[in-house]
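Student: Hey, could you walk me through this one? I'd like to know what to look at.

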Amino acid sequence: MNIPSGITFIERGWLNCNQILLTSAKDAVLIDSGYGRHAGDTLALVKQHLGPRRLSRLINTHCHSDHIGGNAMIAREFRCRITVPEGEARHLKPWNPEALWLKYADQYAPRFEFTDTLMRGQSFSAGGLTWHAHAAPGHDDDALMFWNEKEKALISGDALWQDGLGVVFPSEDNASALDRAFSTLDAIAALKPRLVIPGHGAPFADVAEAIERARGRLAAFAADPARNARHVVKVMLMFNLLERQSLRLDSLASYLAKIPVFRDMNERFLHCEYSQLAEETLGGLVKAGVAKVDGTLIRPLIRA
Ligand SMILES: [Zn+2]
């Protein structure tokens with residue numbers, strides 16, 4: 001993959017989003033900071049790739065736990081500007097764990113203070129390139145993605161990965177969020193990127209194919225909200241499993257019944273006993289090869 005000079009891409013495992021450093025000779029801007037419990041690893045990686053450069057700014061694509069978890073530590077270490085999408089500011093000041101999926105999905109992010117905000121239509125310079133902020137609603141309605149016209153490169157966050165995109169919640173009329181995710185894909189297609197640098201997984205150049213795959217997934221979810229709800233349960237539980245590294249098999253049903261996101265999906269779309277939801281969800285994760293039952297414990301089979 002030919003990544004333009006001035007862009008350093010740091011690929012992470014699934015609990016952490018990727019880090020992207022936009023570097024010039026003297027300083028650098030970091031896009032997204034990973035998950036809170038791995039903030040020390042993130043800091044070490046960023047320092048290693050920074051070398052003698054100064055980190056002048058951290059910009060978040062959106063404010064989910066796997067993208068903002070290192071913000072507090074990065075701010076302490078580098079005393080740099082922390083920039084969040086304008087739409088996220090209301091969730092952060094005052095700090096609102098409900099709105100950030102933290103309580104909703106049993107995720108963790110250390111509290112941080114942002115310095116300023118960025119909104120669609122605005123731009124910033126980093127790594128010798130100008131990056132334009134575009135709205136990227138769907139997975140997170142306040143999310144931004146960053147476009148450089150010269151290199152035709154897009155920093156997409158969770159709006160588009162090579163194989164998929166971040167979960168998009170079902171709704172009763174099954175429109176809204178999925179519609180917004182579709183229009184974000186349309187906006188990406190209209191830019192005609194030569195390179196997409198995603199929040200998870202590797203950078204890619206076969207952008208049209210990736211957009212088609214993502215559209216196909218969204219269309220399947222739009223046709224079947226319960227399927228989407230089951231997907232949300234699986235993805236969110238996998239996240240919890242990666243964070244904890246094990247869950248007790250005999251407490252899985254009660255865990256699903258306790259955490260709001262699982263209750264929400266079940267009460268609105270699935271309507272099943274929690275023991276059945278536990279069995280089906282775990283079955284799905286095992287079948288996908290991402291988790292295993294090890295005696296009385298459930299363990300992840302992929303790298304956190
Ligand atoms: Zn993410």
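This is a predicted model: local features need pLDDT of at least 70, side-chain atom pairs count only at pLDDT 80 or more; totals for chains, interfaces and linings use all residues.

Student: OK, domains. Where are they divided?

Tutor: Domain 1 covers 7-223 and domain 2 covers 227-300. Their centres, taken over C-alpha atoms, are separated by 26 Å.

Student: And how many residues are in contact between them?

Tutor: On the domain 1 side there are 14, in contact with 16 residues of domain 2. Helix H5 (102-105) and helix H7 (207-223) are the elements of domain 1 that give two or more residues to that side. H5 gives the largest share, 3 residues.

Student: What kinds of residues are on that side of domain 1?

Tutor: They divide into 9 nonpolar, 1 polar and 4 charged.

Student: How many bridges join E10 to E11?

Tutor: There are 4, and the two strands run parallel. E10 is residues 153-157.

Student: Switching to helix H3. Which of its residues are buried?

Tutor: H3 is residues 71-78, and the buried ones are Asn71, Ile74 and Phe78. They sit on the same side of H3, because they cover an arc of only 65 degrees around the axis.

Student: Why would residues with gaps between them point the same way?

Tutor: An α-helix has 3.6 residues a turn, so residues three or four places apart point the same way.

Student: And what do the buried ones of H3 pack against?

Tutor: Strand E3 (27-31), helix H1 (39-50), strand E4 (54-59), helix H2 (65-68) and strand E5 (81-85).

Student: Last one: where is alanine 205?

Tutor: In the loop between E11 and H7. Alanine 205 counts as partly exposed because 15 other C-beta atoms lie within 10 Å, and a buried residue would need 20 or more.

Student: How far is alanine 205 from proline 4?

Tutor: Their C-alpha atoms are separated by 13 Å, though the two residues are 201 residues apart along the chain.

Methods
Residues are numbered from 1 along each chain as its sequence is written. Two strands pair if DSSP finds at least two bridges between them. A residue is buried if 20 or more other C-beta atoms lie within 10 Å of its own, exposed if 12 or fewer, and partly exposed in between; C-beta atoms are placed from the backbone. The arc is that of the directions from the helix axis to the C-beta atoms. Two residues are in contact if their C-beta atoms, placed from the backbone, lie within 7 Å. Domain bounds come from an automatic or database domain assignment. Ala, Val, Leu, Ile, Met, Phe, Trp, Tyr, Cys and Pro count as nonpolar, Asp, Glu, Lys and Arg as charged, and the others, Gly among them, as polar.
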